[in-house]
Amino acid sequence: KDGELQEVQTISKFLGEDNIKRIVNWTLKYLADIDIPVKRGTFIEFRSGMMNISPIGRNCSREERNDYEKIDLERNIRKNMVEAMKKEFADLNLTFSIGGQISFDVFPTGWDKTYCLKFLKEEDFDEIHFFGDKTFEGGNDYEIFTSERTIGHTVTSPDDTREQCTKLFMG
């Protein structure tokens, strides 16, 4: 705000290295037992505020990504893994959010897209609109889409977003 850094927090500082290793080790063991046609590198991408987990691996090609998405929709690979992780790591108070075609995010509860709202004073804004494509329960836009502080809009593409914004704000 006004050019000043508001907060710096990382998932490793928050959870501690022992819990990070616990998650990584469990994830790699789980992924080893998933039978899918191809597996590529970068199954766990460690980011400052979350981990992104991909059963096929983030290094897959566009064609492999599209093929995996179909398999995942048929077999619920990510959904089942998320359910297993919720049970295994219930003590850590984590949120699991399926997004995109090949992966899901793991982060401390409250560190979803609503996190930014704590830096926006309610009295400073009449309305806050949010546009997202994964607005269903379990999607990575769900929490901010359903927040009492936002007006949520489901979109299907950048063009759809532009059309909705034009109708709402320019019409």
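**Aromatic pairs, and one buried aspartate**

A search of the whole structure finds six aromatic pairs. Keep in mind that this is a predicted model.

How do we describe such a pair? We give the distance of the ring centres and the angle of the planes.

Take Phe 14 and Trp 111. Their ring centres are 5.1 Å apart, and their planes meet at 50 degrees, so this pair is tilted. Now look at where the two residues sit. Phe 14 is in helix α1, residues 11–15. Trp 111 is in the loop between β4 (103–108) and β5 (129–132). The pair therefore ties together parts that are 97 residues apart in sequence.

Are these two buried or partly exposed? Phe 14 is partly exposed, because its relative accessible area is 44%. Trp 111 has 18%, so it counts as buried; the cut-off for buried is under 20%.

Next pair: Tyr 115 and Phe 119. Here the centres are 5.9 Å apart and the planes are at 70 degrees, so the rings are edge-to-face. Planes over 60 degrees apart get that label. Tyr 115 is partly exposed, at 22% relative accessibility. Phe 119 is partly exposed too, at 29%.

Now put the four together. Ring pairs link Phe 14, Trp 111, Tyr 115 and Phe 119 into a cluster.

Last stop: Asp 72. Which helix holds Asp 72? That is α3, residues 62–75. Asp 72 counts as buried because its relative accessibility is 6%. What does Asp 72 touch, leaving aside neighbours within four places in sequence? Its contacts there are Ile 77 and Arg 78.

Notes
Residues are numbered from 1 along each chain as its sequence is written. This is a predicted model: local features need pLDDT of at least 70, side-chain atom pairs count only at pLDDT 80 or more; totals for chains, interfaces and linings use all residues. Side-chain values use heavy atoms; hydrogens and water are left out. Helices (H or I, at least four residues) and strands (E, at least two) are DSSP runs, numbered from the N terminus. Buried means under 20% relative accessible area, exposed over 50%, partly exposed in between (1.4 Å probe, protein chains only). Contact means heavy atoms within 4.5 Å. Rings of Phe, Tyr and Trp (its six-membered ring) pair if their centres lie within 6.5 Å; planes under 30 degrees apart count as stacked, over 60 as edge-to-face and the rest as tilted.
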